[in-house]
Amino acid sequence: MDSGSVSLKKLKFGKLKVVRRHLLQRYEHQPFISCLAGLYSCRWKRYQRRRTEPGKCCCKMWECVFFPFLVGAFCLSLVFLYMWGEAKNDYNNFDWYNYGNVGHWFLWSVLLLILAAVLFTYITLLLVLAVCLLSEGQQLYLHWSHKIGTFLVLGFSIAGISVFSKLWRVRWKTVRLSFQVTAPYLHIGAIAAMVLLSWPVALHAFRTNKKVIQAIIIGPYLAILVLLFLLPLGMYSPCIREVGTLGPKPALIGHRGAPMLAPENTEMSFQKTIEHGGDGLETDVTISYDGIPFLMHDSNLQRTTNIREVFPSNSTQNAALFSWDALEQLNAGKWFLKDKPFSCMGSLSNADQKLAMNQSIYKLSNFLRLADSANKLVIFDLYRPPEKHPYRNTWINITLEVIRDSGINPHLVLWLDNTMRSFVQAVAPGFQHTMASKAPVDQLLRDDIVKLNLVYSAMSSEDIRKYAQANITTNLYVISEPWLFSLAWCVGVHSVTTNAVHFLKDINRPLFLMTPKEYRIMWLLTDAVAVLLISLIFTLHWWREKGFSCCSDDSGVVLENGTYNKFRTELNDLPTVVA
């Protein structure tokens, strides 16, 4: 009996030393958990937090109710950030829209992007902290200040998505287009997120002894995982194509010249486009009160001239109601250096700054001579003068006379205006007639249309291919972002109107271009690595909770939570042992 009692004591004493060692390890691990709990719950002391007992919920009822709001805020803020990030191509339009309503120029688009990124980062950190705490078996308790922050992010995201869905609905078309190039990489990101989530999912699934709860935890996780594994089967991207099937690089047409490098619709702007190898020039034509066609996009002169200084009482008057003598007095370049209309504008040299400061409103006749001397295509929107304008009914004739007198090669002119098209075809047979909307091929051929000028959101590889078979080329506007230009290239577009000729000219291969074989390898390799890692994580947690070890010490006892839970009662029952 005495020897048996001594052996039992030695056995319990050995277990006590193991437990003591584990407790010390857990104590050394406490600073990490304290940091997590402190940031998430503002509970920096050990006694302020609780571990999740096996088989019990990871948090109290109200925390369980609030957690879906945290996840929802993360998802919606991610959607808004992605949508607004992909809308960068049209930031300039957004800023000028706000300028027209507010009357003050500011880069609202960039401010909104920064705000969306900050809020998304904040809510992502909260969610990461929650996942880490769950992975450590800690109960969740989100501090009230973070709960307020979560509702602010949720409200901001819902408001942003709602407002832009109503006022700027075309942005959703941009988002859908972006998926055609980013979907393969978003898929990899989603798989990586599921691998990270496997740790807390496996931990809490195997810590409960109820099969129903295990099924509730693991079932949705595995369903989503299988869906992500099979998602590429229904994925389409025009940038995944066989070698040798990619068409030529789209021609670049400068949108009002090079508006990131010089004041729009000025001689300097068009010269910059020519210097950077642009294939064509796009502009807007208005008729002055005395019948001189000049270049101006807006209906008034407030945005791009110093009209408020020269003619303050007439600053809101329609640009077509000024005579050419009055227009010549205006400066069309100072605003560019003051407002810096693009967020990605580079700094101008001293010579360019001086040149920009002295730009004036440009005549159509001078524009055409410049294009002809450089052998560049020209395309322009022609604005009909307002009522009571002396040339309201002869604006087409005036414009045709200027084109004829300029001496430009008629084949360089892409005639866009649809008014009196048959008359224009009769008096100027050399123009390349261009339509601003889609139409049946037979109708376009009947009207002698050789090119379509479409907004980029109308991009369709099927339509572009159909028109190309009838020798009708396609131009998309306005495309300035590399990913959008790459997509247009892969789709088969023949030319694009852009604000960034100086940048797109250096792209010699579409971004995200790969062969189907390369994509299959990437897809299968991602899935295989994910399956391996998730299997290892689930197996590790199963071993830990079942009392087996994949990495035990010399005593063969598991060094994890299961050991502590198993021997906690025995430790309390042991008599005091004196070393």
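**View 1. Strand 6 (residues 432–435) is covered on both of its faces.** Gln432 and Thr434 are buried on one side, and His433 and Met435 are buried on the other. Here buried means under 20% relative accessible area, with exposed over 50% and partly exposed in between (1.4 Å probe, protein chains only). Helices (H or I, at least four residues) and strands (E, at least two) are DSSP runs, numbered from the N terminus. In a regular strand the side chains alternate between the two faces of the sheet.

A word on the model before we go on: this is a predicted model, in which local features need pLDDT of at least 70, side-chain atom pairs count only at pLDDT 80 or more, and totals for chains, interfaces and linings use all residues. Residues are numbered from 1 along each chain as its sequence is written, and side-chain values use heavy atoms, with hydrogens and water left out.

**View 2. Strand 6 pairs in parallel with strand 5 (residues 413–415) and with strand 7 (residues 451–455).** Two strands pair if DSSP finds at least two bridges between them. On the strand 5 side there are 2 bridges, and Leu414 faces Gln432 of strand 6. On the strand 7 side there are also 2 bridges, with Thr434 opposite Lys451.

View 3. Another right-handed β-α-β unit consists of strand 6, helix 16 (residues 441–446) and strand 7. Right-handed means that, with the strands pointing away from the viewer, the path from the first strand over the helix to the second runs clockwise.

**View 4. Helix 3 (residues 91–102) meets helix 4 (residues 108–135).** Their axes come within 8 Å and cross at roughly 110°; axes are lines fitted to C-alpha atoms, for helices over the stretch in contact, and angles run from 0 to 180 degrees between N-to-C directions. The two helices are therefore roughly perpendicular, a term for angles of 65 to 115 degrees. Helix 3 contributes Tyr91, Phe94, Asp95 and Asn98, while helix 4 contributes Trp108, Ser109, Leu112 and Leu113. Contact means heavy atoms within 4.5 Å.

**View 5. Ser198 sits in helix 6 (residues 170–207).** Ser198 counts as buried because its relative accessibility is 0%. Leaving aside residues up to four places away in sequence, Ser198 touches Tyr221, Ile534, Ile537 and Phe538.

Terms used
Parallel < 35°, antiparallel > 145°, perpendicular 65-115°, else oblique.
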